[in-house]
Amino acid sequence: MAISENRKVFFLHPQAVIQDELVRALIEANYEAYLLRNAADAKTVLKEYPNALLFLQIDSGMEEEAWLAYIDDLKSTPSTQDLTIAIVSVQPDETIQSTFLENSDNISHGISYGSYNYERTYKQIDNILSDEKTRVPKNIARGTFSETPRVSLHFARNDNRYEGVLRDITISGVTCRLIQDETFPSNLPIPAIIISYGKKQLTVSGTIAGSHGESEKIHLILFNDDCKKTQASEIYDLIQVGMQREIEDLIAAKGHKRQVVTKIPRSQLYGRK
């Protein structure tokens, strides 16, 4: 898993508008934001990140009283008692305040999006995340990948085709493990690097910055400035896939078979407009 000083931000059982727009926007703002779908198995994830911030959608999935009991259970369990919990609901602000915030010491924040407005809701969430200091200045979102299932990468140079496996990606570039035993010089431009994942491909341009890490087969490739501007959306698509896989890998490692997070963001399933 990626090592970061950021506090992770989880959205449990989010409605589509939050899943499709807001979480992705937070990742582009370099928050470590993740989607969770199953309340029972989400506890497994949250135990691994005891200082995380959890946004909990209380209008679906369980009855309201069951969600409140779930919150109380999280806050009474030693491994999750330090979580910061915020509720998200279509109920009016006044109802959230009087029904939840004033009657529970376990809920720190509440957000209403009954009349959904992207800018307003994003600002509310961003203000909470800023107050809770969930993002380290200058830190950037990073998607990490294990080699099973692998995300492949290839490029051509001097009529030779080179293949590799993606290890991680940020808006600045990627690290990858090349299959061929060849060391490339630093500052070597690569005009077309094709990254394949699922049924999608991302073609970027960049410069090999040299070997990276414990092996000379591990290379750091930095994206060109123009690439970072024109293909930012596609790059963040892949970053989000990697971040979600990090959580999937954690669940798998704990021996759970129930799916608790989206394998691919909804924007990948239905296409981004």
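The model is predicted, and local features need pLDDT of at least 70, side-chain atom pairs count only at pLDDT 80 or more, and totals for chains, interfaces and linings use all residues. Residues are numbered from 1 along each chain as its sequence is written, and side-chain values use heavy atoms, with hydrogens and water left out.

Turning to the aromatic rings, nine pairs are present (Phe, Tyr and the six-membered ring of Trp, centres within 6.5 Å; planes under 30 degrees apart are stacked, over 60 edge-to-face, the rest tilted). Phe-10 and Tyr-49 make a tilted pair, at 5.9 Å centre to centre and 35° between the planes. Because Phe-10 belongs to strand S1 (residues 9-12) and Tyr-49 to the loop between helix H2 (39-48) and strand S3 (53-57), this pair ties together parts 39 residues apart in sequence (helices, H or I, of at least four residues and strands, E, of at least two are DSSP runs, numbered from the N terminus). Both residues, Phe-10 and Tyr-49, are buried (under 20% relative accessible area; exposed is over 50%, partly exposed in between; 1.4 Å probe, protein chains only). With Tyr-34, Phe-10 and Tyr-49 form one aromatic cluster.

The backbone also deserves a look. Asn-30, in the loop between helix H1 (16-28) and strand S2 (33-36), has a positive phi near 70° and is buried at 16% relative accessibility.
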